[in-house]
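Keep the coordinates open as you read.

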Amino acid sequence: MLDQTRAYQGEYILEVDSITKEFPGVKALDGVQLKIRPGTVHALMGENGAGKSTLMKIIAGVYTPDGGEVRFAGVPLNIKTPLDALNSGIAMIHQELNLMNWMTVAENIWIRREPLNRLGFVDHARMRQMTADLLGRLNIKLNPGQQVSELTVAQKQMVEIAKAVSYNSDVLIMDEPTSAITESEVEHLFAIIRDLKARGIGIVYITHKMNELFEIADEFTVFRDGKYVGTHPSSSVTRDDIIRMMVGREITNMFPKVDCPIGDTVLEVRNLTLPGVFEDISFNVRAGEILGIAGLVGSKRSNVAEAIFGVHPAPIGDILIDNRNVNITCPSDAMAHGMAFLTEDRKETGCFLILNCLENIQSALITRGHVKNGFIEQKALVAKAEEMAQMLRVKTPSLYETVENLSGGNQQKLLIARWLLTQPRILILDEPTRGIDVGAKSEIHRLITNLAAQGVAVIMISSEMPEVLGMSDRIMVMHEGHVSGFLDRAEADQVKIMSLAAK
Amino acid sequence: MSETSMAAPVRRHRPMMAELNILLVLFGICAVFEILGWIVQGQSFLGNTQRLSIMILQVSVIGIIAIGVTQVIISGGIDLSSGSIVGATAMISMSLAQAAGYERAVYPDLTGLPFIIPVAVGLIFGLLCGVVNGALIAYTKIPPFIATLGMMVTARGFAKWYTKGQPISFPSDGFAAIGKGMMPVFIFLVVALIFHVALRYTRYGKFTYAIGANPQAARVSGINVERQLVRIYAIAGLLSALAGIVVAARGLTAQAGMGTMYELDAIAMAVIGGVSLTGGRGSIFGTMIGMVIFGVIISGFTFLRLDAYYQEMIKGVIIVAAVVADVYRQKKRKKA
């Protein structure tokens, strides 16, 4: 903690200078900068994957940068853990809140710093008083003795803010603080932010939302694909300027999408609603068509896919296959109707990491057949799995290799193999090329195109703008659980998608 | 693996079985007892076939339970109720298996029944206990530890209530034959063979491993995870009941306390045999080796005239050591 920082005379309280961070195969940050003046709100903007979170993790000490430095009040920082960051005056409020649900507001705020009485026991009365004082100063109306589990998301955020202030932090970093709170709560949050600003605290405000930028931020910085694009005062630009800064990249021609005849509607979704998550989703996909679904984090695209496939069914709305209403309550229902679903998170919901390639490839197919007299027809399955692995060029020493030893791209190919073996008519792909290298990526793109050419109806959720634009016949854009528009291949471009995605 | 290498050379071979390592441990332990035997007792440990057959007989009953527990652990769960189901089943079966004309029978009108009746009733009882375990775990999502702990206490209570604590004796000859001679070993081998085949070559087995490896991915693959869990726990309950019948038949009597702590021995056999407590890994063959290791250690200590109290303490140490070895193995795999 720098007590003299309130009087810090330099121009910037926090300076990020040419930070570079590389992960295997990806340059997540490439010499980015970010300069925060004391007593201002500075918005950090960018698409998914622009490198915002990576930078925040570097400032918080989760990652070590490969190059560059972070200066605090003009002094280079050496942060190894989130606690170091707090102690040096930088507090961070993560998107996923880090409070202990079964403890009180006061206990959460003063954890590790509880006031003690003479006997060495926690002085609860004093702790409550300290909390009440703190909350009073911030104009937050909460009972210090209340259990955090009983609070709303917005109230929890207030507790996090109070905690950050209690450390006398000079910089407060907020990662999409409004992603889960209501309109009126946003107003209260902004009032608190303005108050903090008036106290001379520098605030980094990460957001996707354009209107918030204009309402609360004094300045903003845009990142794109791990690179620094620019910093401007928010009063000097328009919405379109910012969108252009966020998306203005060149599209390389790496997508082998070929036009193919598009047939009848295979899948239609009408007014699908999962209360509190997404609402009134309607769209259709035809045989041979690739429908891209674009949207920012929090647009609930994956939830819609999970609902259609029966992983978390939606109670309201209709799903029609071949113009007939179907009832899908679990994944095997969806599979019985010819659907396949490549999930977003390979490790969490896709692979059986500790099992071998064969077991991973055959897991879906054996639920639908290939059993004779109670025994699995292993020979036939091995032959099919081998054929599929060869077609997809899976690189593995053998089909009996444990999947955790394979690269991400090969794991993804195995999962695709799993679904192709079920010979789907409707293929839902959620981020089919996330986290895999360029070579495997274009192989997967070619494969998707071929499948469409064979008459499979493809739904492809993707956060990579070039992928969506390059692969899709039609693009559905989602924003916070709603469909915000459709774009045809001919008319779609990055600016149009972005303005639909970031209302 | 190099990313630049071209398409897959998909070879047909299975990697070395993890069970081989455990087999080596078994040989090592046997060698140690053999050497100590000559030094301390002046005789061979392995050379005594009578000792070996008693040893196998001792572990076979718990081995039957361990076969069921192996499946539960592979699916990522645990079953603490086995020992109590043994006790409860022993009581129920024995009460229906009493010899004809025995005056102080539990059900004086139901003596001299063909042995198949007490066996069937006992098995159905165990199966139902297992179904309750499985349904609680699958549909209420309470942790397996808690669900089966509840069954452990409840089934034991039932066993005591059944005759208000009185032992039940005098089974018919037909029932007693189930426990005679090497019959328990034979039953164990048949059960082990059935589930070895089931785990390796049937959907039941593949689903069990898949759920243990990643329940969410199993669900997305179209596997009915809930139904499969009910089946797995039902089979574990069934096999505990079978063990209970064998114990009662062998002892010619049933007592409410029968099978106490068997669940822990069965879990220990599986874990020593390489079944991973985090789920998804293990085999019946491994558990069989674990069972023999368990038996050799107990029998070896008796052979060396080690105090029974020491035996129990050392057993505890071995169980913890086996789990530590499992954690260590997994760490090593991750680094590899």
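In chain B, the axes of helix H3 (residues 82-95) and helix H11 (residues 262-272) come within 6 Å and cross at roughly 130 degrees. Helices here are DSSP runs of H or I with at least four residues, strands are runs of E with at least two, and both are numbered from the N terminus. Axes are lines fitted to C-alpha atoms, for helices over the stretch in contact, and angles run from 0 to 180 degrees between N-to-C directions. H3(B) and H11(B) are therefore oblique to each other. The classes are these: under 35 degrees is roughly parallel, over 145 roughly antiparallel, 65 to 115 roughly perpendicular, and the rest oblique.

This is a predicted model: local features need pLDDT of at least 70, and side-chain atom pairs count only at pLDDT 80 or more, while totals for chains, interfaces and linings use all residues. Residues are numbered from 1 along each chain as its sequence is written, and chains are lettered from A and ligands numbered from 1 in the order in which they are written.

Which residues make the contact between H3(B) and H11(B)? H3(B) brings B:Ser82, B:Gly83 and B:Val86, and H11(B) brings B:Tyr262, B:Glu263 and B:Ala266. Contact means that the C-beta atoms, placed from the backbone, lie within 7 Å. The residues of this contact divide into 3 nonpolar, 2 polar and 1 charged. Nonpolar covers Ala, Val, Leu, Ile, Met, Phe, Trp, Tyr, Cys and Pro; charged covers Asp, Glu, Lys and Arg; the others, Gly among them, are polar.

B:Tyr204, B:Phe207, B:Thr208 and B:Ile211 of H8(B) meet B:Val225, B:Gln228, B:Arg231 and B:Ile232 of H10(B). By class, this contact has 5 nonpolar, 2 polar and 1 charged residues.

Next, the annotation of chain B. An unreviewed UniProt entry places the feature "transmembrane region" at several stretches of chain B, including residues 52-73 and 229-249. Such positions follow the numbering used here, feature names are shortened, and annotations may be inferred rather than shown by experiment. Residues 52-73 of chain B are 100% helix and 0% strand, with end C-alpha atoms 28 Å apart. Residues 229-249 of chain B are also 100% helix and 0% strand, and their end C-alpha atoms are 30 Å apart.

Now turn to chain A. It is divided into domain 1 (3-247), domain 2 (259-338 + 424-503) and domain 3 (353-422). These bounds come from an automatic or database domain assignment. The centres of domains 2 and 3 of chain A, taken over C-alpha atoms, are separated by 25 Å. Here 11 residues of domain 2 of chain A are in contact with 12 residues of domain 3 of chain A. On the domain 2 side, H10 and helix H15 (438-453) of chain A each give two or more residues. H15(A) gives the most, with 4 residues.

Chain A also holds an open sheet of 6 strands, in the order E16-E19-E20-E13-E21-E22, with mixed pairing. Two strands pair if DSSP finds at least two bridges between them. Strands E16 (339-342) and E22 (482-488) of chain A stand at the edges with a single partner strand each, so one side of each is left without a neighbour in the sheet. Within the sheet, E13 (residues 290-295) and E20 (residues 457-461) of chain A pair in the parallel sense over 4 bridges. A:Ile293 has A:Ile461 in E20(A) as its bridge partner.

Elsewhere in chain A, E1 (residues 14-23) and E4 (residues 67-72) pair in the antiparallel sense over 5 bridges. A:Glu15 stands opposite A:Arg71 in E4(A). E4(A) and E5(A) form a hairpin with 2 residues between them, and A:Ala73 in the turn has a positive phi of about 50 degrees.

Last comes the contact between the chains. It takes 38 residues from chain A and 28 residues from chain B. On the side of chain A that touches chain B, the largest share, 4 residues, comes from H13(A). By class, that side has 19 nonpolar, 12 polar and 7 charged residues.

Definitions and conventions
Contact = placed C-beta atoms within 7 Å.
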